[in-house]
Amino acid sequence: MVFNTGAALLDAIVLAVVSREQEGTYGYKITQDVRTALDVSESTLYPVLRRLQKDGCLEVYDQAYAGRNRRYYKVTDKGTAQLNLYKTEWKAYSSKITKLFEGGL
């Protein structure tokens, strides 16, 4: 993609992906789901997950899977509120850009 993906957009996309799973989801699946929209690496996403956890937007828990522990991420109430703010801001932003691209002001 030729457009720069800033930290806020990455945060919004990760929160949107994680919020789709009521009981949370794990890192590799988050990466795969985010890649449906953006070409990003795991090394880019794990710092985003840690930052969102540190900010109180995600909670983390480990669960056994195939003899190993798998780390799951779940959106908190604060994360849901932040995601709702991102959605509102994105709608306004994308609407303005679309209007400019289509010749309007």
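## Pocket, sheet and helices of a predicted chain

The largest pocket has a lining of 21 residues, and those nearest its centre are Asn-4, Leu-9, Trp-90, Tyr-93 and Ser-94. Two or more residues of this lining come from each of helix 1 (7-19) and helix 4 (77-101), and helix 4 gives the largest share, 10 residues. The space in the largest pocket is about 640 Å³. A pocket here is an open set of points on a 1 Å grid over the protein atoms alone, where a 1.4 Å probe fits and protein lies on both sides within 12 Å along at least five of seven lines, and lining residues have an atom within 4 Å of a point. Grid points are joined across faces, edges and corners, and the volume is the space filled by probe spheres set on the points.

This is a predicted model, in which local features need pLDDT of at least 70 and side-chain atom pairs count only at pLDDT 80 or more, while totals for chains, interfaces and linings use all residues. Residues are numbered from 1 along each chain as its sequence is written, and side-chain values use heavy atoms, with hydrogens and water left out. The average pLDDT (the predictor's confidence in each residue, from 0 to 100) is 92 for the chain, and 96% of the residues score at least 70. Confidence is lowest in strand 2, with a mean of 93, and highest in strand 1, at 96.

Four helices and three strands make up the elements of the chain, in the order α-β-α-α-β-β-α from the N terminus on. Helices (H or I, at least four residues) and strands (E, at least two) are DSSP runs, numbered from the N terminus. The C-alpha trace spans about 55 × 30 × 20 Å along its principal axes.

The three strands form an open antiparallel sheet in the order 1-3-2. Strand 1 (25-26) and strand 2 (58-65) are the edges, each with a single partner strand, so one side of each has no neighbour in the sheet. Helix 3 (residues 42-54) packs on the sheet and touches strand 2 and strand 3, with its direction at about 120° to that of strand 2. Contact means heavy atoms within 4.5 Å; axes are lines fitted to C-alpha atoms, for helices over the stretch in contact, and angles run from 0 to 180 degrees between N-to-C directions.

Strands count as paired if DSSP finds at least two bridges between them. Two bridges join strand 1 to strand 3 (residues 68-75), whereas strand 2 and strand 3 pair over eight bridges. Some of the partners are listed here.

| Residue | Partner in strand 3 |
|---|---|
| Thr-25 | Tyr-73 |
| Tyr-26 | Tyr-72 |
| Tyr-65 | Arg-68 |

The hairpin of strand 2 and strand 3 has two residues between the strands, and Ala-66 takes a positive phi near 55° there.

In an unreviewed entry, UniProt lists residues 14-83 as "domain: Transcription regulator PadR N-terminal"; such annotations may be inferred rather than shown by experiment, and the positions are given in the numbering used here, with feature names shortened. Over residues 14-83 the chain is 49% helix and 26% strand, with the end C-alpha atoms 9 Å apart.
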